[in-house]
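This report concerns the model shown here. Please keep the sequence and coordinates at hand while reading.

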Amino acid sequence: MSNINPHEKKQKLKKEMKSNVTKKEPISSRRRFFLDMGRAVGLATLGGLTWSAYVDEVSASKLTLRPPGALKEEDFLATCIKCGMCVEACPFDTLSLAKPGDNKPLGTPYFIPREIPCYMCPDIPCVPVCPTGALDIMSLKSDKKELDINQADMGLAVIDDENCIAFWGIQCDACYRACPILGEAITIEYEKNERTGKHSFMKPVVHSDTCTGCGLCERACVTEKAAIFVLPREIALGHAGNYYIKGWDKDDEKRLSETVSTEGQETKKGKSALDTLNSGMEDLY
Amino acid sequence: MKTLLMKNRYLILRRFTQVSVMALYIIANVYGINILMGNLSSSMFLGLVPLSDPYAVMQMFAAGAILTFDVIIGALIIMIFYAIVGGRVFCSWVCPVNIITDLANYLRRTLGFNQIQKKQPASRNIRYWVIALSVIISFILGITAFEFISPISMVHRGLIFGLGLGWAAMLIIFLFDLFVLKNGWCGHICPLGGFYSLVGKFSLIRVKHDADKCTACMKCKEVCPEMQVLHMVAKESKPVLSGECTNCARCIEVCDDDALIFSIRNKKNGEKNEIN
């Protein structure tokens, strides 16, 4: 390259400049169309991904307590139109609509039992006003087709037995007394207090099959921060799965008849035991 | 004084309807006077007539919700109403965000921001893309995508049920319209406005232009939030046929020459050539 004479270099430069100029000429309408389309699609993708990420994030909060009769959370988020008519219908001002800053799916109804619990009105005014069926009246009807608030499933009360003073041996049955399904959703279990030798523990126990999650117990709890509190069922309950079964309970065996066997499928995908042993154990660490 | 009233007659009426609709919702929530229960997403009129936001219902459908009879009827009533009186009548006569963006637009004009920023570097078709996106996202994520970010809902829901940080949404729209893009929210981005533009495409109530009376002062284009719909001003006598016209009637008020009036589409006054 170094032996090119200056004159030639100059001409080459001029040529390059010329080609640069031609590049700046207006692009064809065909090309413009494709560029415009590409830009629009690209921008839409950009906006769509940002939007999806945000919406996915805000709807991921699983700690929201819903009004009675609410559909499963994912169906509820698709169905609730956020009109607030359940909020207006509630005579106790239990329900609120999530505002910006509440860190809950925006505009959806919820309640905080420690502030105002659900008082379980027998006529359930919040549910029939729902225009979309996000609050499902059918789920609150008894076998006799009558409204039955005890069918509600807003959540499940959970006891922190380290901070519940009844578990310390101090007599307190505030939650038990507050429970609208007295003696069924919360029962008191008696146990000898070995420390004193002459007193008994009176421990509250929540029964998940009858508890509606109304939160009257949480409201009534005497400790500074409630030692009994309502959580959505999916959070509060574990799941034993199909490996364990109550052999002494005939009804529990029925669970198995509905399951689909996945036996053998998982081992086929992975390495055999011999391969693993012969590999020098590297993939075990 | 009388001329001031005449010059703002529709503006005053619009503010009146906007405020009274919100007031009806608020008294239903606060005092239990149930003339109009709910909010702009879905309401119950006189405890009898269901009303629903058809755009929200569309997203619910895309999200896979089972639609009840009530929301379908409610959405149809709203659709038919706006299909007749003009889709974007919702925007300028009902939607509370309109008050915010009108204020931003007013300040833009009076303070002179329009002079320092003459070109608006964004397409007014963004709103239709946002509609398409909202349906796609609703379908994929199974939730009503726009309803989770809608500043419109934040505002009307906030006014009725408590604002929270909703004031920030109002401020964002205001600042965006004032400093970033003229008519940015209502005229470019808002998918609800876009939706109602499509709903009102064949509506009956139209602003009509009379080019013979027009003196080409262009006051109408200056105040119009969707000035592309006034393309015929000073050129041709014909009605404004774009669905994007909000029927806000500002152009009618500011016109000193009576060159713009409300009329019924397809009126038999020899306008055959104007109907598309």
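The sections below treat the basis of the model, chain A and chain B in turn.

## Basis and confidence

This is a predicted model, in which local features need pLDDT of at least 70, side-chain atom pairs count only at pLDDT 80 or more, and totals for chains, interfaces and linings use all residues. Residues are numbered from 1 along each chain as its sequence is written, while chains are lettered from A and ligands numbered from 1 in the order in which they are written. For the complex, the predictor reports an ipTM of 0.83 and a pTM of 0.80.

## Domains of chain A

Chain A comprises domain 1 (56–152) and domain 2 (156–236), with bounds from an automatic or database domain assignment. Over C-alpha atoms, the centres of domain 1 and domain 2 of chain A are 25 Å apart. Their contact (C-beta atoms, placed from the backbone, within 7 Å) involves 10 residues of domain 1 of chain A and 14 residues of domain 2 of chain A.

## Fold of chain B

Chain B contains 14 helices and 5 strands, defined as DSSP runs numbered from the N terminus (helices H or I, at least four residues; strands E, at least two). The radius of gyration of chain B is 19 Å, close to the 19 Å from the globule rule for 276 residues, so chain B is as compact as a globular protein of that length. This radius is taken over C-alpha atoms, and the rule is 2.2 Å times the number of residues to the power 0.38. The C-alpha trace of chain B spans about 55 × 45 × 40 Å along its principal axes.

Note on methods:
Contact = placed C-beta atoms within 7 Å.
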